[in-house]
Amino acid sequence: MPDSLEARVRAVRLTEAEQRVVDYLLAHPRQAILASAGQIAEGAGTSDATVVRTARTLGFAGLPELRQSLTDRVVGATGPAAQVRRVAADSSAGLLERVFEEAAERLARTAAAVDGAAFDAAVALLAEAGEVVGYGLGPSELVARALALRLTRIGRRARATGAVGFRLADDLVGLGPDAVVVLYLPARRTVDAEVVLDHVRAVGARSVLVTDALGGAFGDRADVVLDAVHGLGDVTGEGLTAAVLTDALCLAVAARDERSVVAADETLTRLRADLSRDAPRRR
């Protein structure tokens with residue numbers, strides 16, 4: 001049996017219902033990696049049994065093996081080596097044009113995907129929080145730290161973490177019921193993220209999930225879900241749309257309390273002036 005999903009599809013005869021399953025898998029590989037047979041069936045407009053039968057028709061032992069194939073497909077299409085191969089033939093000017101065109105397209109898709117009511121709900125949570133904690137891994141940690149920095153500069157109590165394993169426990173242990181955790185999880189579902197969401201609920205805190213593909217998997221556990229589009233095979237960074245969405249959130253929070261923003265800005269300006277003065281070096 002061929003390795004790639006497309007080759008497997010070409011090598012077998014599919015029923016109309018099975019073809020709908022395949023079309024859904026190819027169009028939504030990130031979502032399908034984490035989806036149950038029922039969720040895939042709902043997306044494809046067919047039944048659970050048809051999803052399982054499609055996996056076996058394609059030569060997989062079952063749905064778990066098919067999902068692993070999709071995982072390999074996503075990883076192979078999104079890694080640095082794959083990105084370099086996609087742009088290797090572009091000139092510098094062509095690459096610049098390609099990146100900006102893709103960025104504009106992704107931002108437009110995200111603007112259309114974000115629900116206005118969900119955005120307002122996220123702003124309200126952040127504005128009323130006693131503490132905001134940004135959480136992300138890899139490139140998403142940078143966005144989480146940008147959130148914390150922006151909020152701190154407008155007078156809000158905020159911090160960020162990209163810790164994993166036992167180290168993450170140290171960053172969660174002080175979480176209180178007045179906290180809001182903003183999770184930046186583009187497409188990868190991890191045990192750590194599940195622990196964060198479970199702990200947020202256990203202590204009575206609230207959560208905002210910024211994601212491309214995990215709305216279905218985590219949506220019932222997060223208080224608010226915001227879409228940040230990132231397509232399979234994109235050459236721009238996964239944090240692009242999340243970062244712009246974060247800018248919008250912080251600006252909206254700032255607009256709710258101008259007095260606090262002015263006070264924080266005055267304090268920041270004074271501290272910067274004090275720190276820039278010439279002073280004897282300490283030994």
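## The cavity inside

The largest cavity in this predicted model holds about 70 Å³ of space. Rolling a probe the size of a water molecule over the atoms shows where empty space is left. Counting cavities of 30 Å³ or more gives 1.

Which residues line the largest cavity? You can look for Ser-140, Tyr-184, Leu-185, Pro-186, Val-210, Thr-211, Asp-212, Ala-228, His-230, Glu-238, Gly-239 and Ala-242. Sorted by class, this lining has 6 nonpolar, 4 polar and 2 charged residues.

## Where α2 meets α4

Now find helix α2, residues 16-27, and helix α4, residues 37-44. Their axes are 9 Å apart, and the helices pack at an angle of about 100°. Angles of 65 to 115 degrees count as roughly perpendicular, so α2 and α4 are roughly perpendicular to each other.

On the α2 side, the contact is made by Arg-20, Val-21, Tyr-24 and Leu-25, which meet Ile-40, Gly-43 and Ala-44 of α4. The contact of α2 with α4 has 5 nonpolar residues, 1 polar and 1 charged.

## Where α8 meets α14

Another helix pair to look at is α8 (residues 92-113) with α14 (residues 240-255). Here the packing angle is about 55°, and the axes lie 10 Å apart. That angle makes α8 oblique to α14. The crossing of α8 past α14 is right-handed.

Which residues make this contact? From α8 come Ala-103, Arg-106, Leu-107 and Thr-110, while α14 supplies Leu-240, Thr-241 and Val-244. By class, the contact of α8 with α14 has 4 nonpolar, 2 polar and 1 charged residues.

Definitions and conventions. Residues are numbered from 1 along each chain as its sequence is written. This is a predicted model: local features need pLDDT of at least 70, side-chain atom pairs count only at pLDDT 80 or more; totals for chains, interfaces and linings use all residues. Side-chain values use heavy atoms; hydrogens and water are left out. Axes are lines fitted to C-alpha atoms, for helices over the stretch in contact, and angles run from 0 to 180 degrees between N-to-C directions. Helices (H or I, at least four residues) and strands (E, at least two) are DSSP runs, numbered from the N terminus. Angles under 35 degrees count as roughly parallel, over 145 as roughly antiparallel, 65 to 115 as roughly perpendicular and the rest as oblique. Contact means heavy atoms within 4.5 Å. Ala, Val, Leu, Ile, Met, Phe, Trp, Tyr, Cys and Pro count as nonpolar, Asp, Glu, Lys and Arg as charged, and the others, Gly among them, as polar. A crossing is left-handed if the near helix is turned anticlockwise from the far one by less than a right angle, and right-handed if clockwise. On a 1 Å grid over the protein atoms alone, a cavity is a set of points where a 1.4 Å probe fits but cannot get out, and a pocket is an open set with protein on both sides within 12 Å along at least five of seven lines; lining residues have an atom within 4 Å of a point. Grid points are joined across faces, edges and corners, and a volume is the space filled by probe spheres set on the points.
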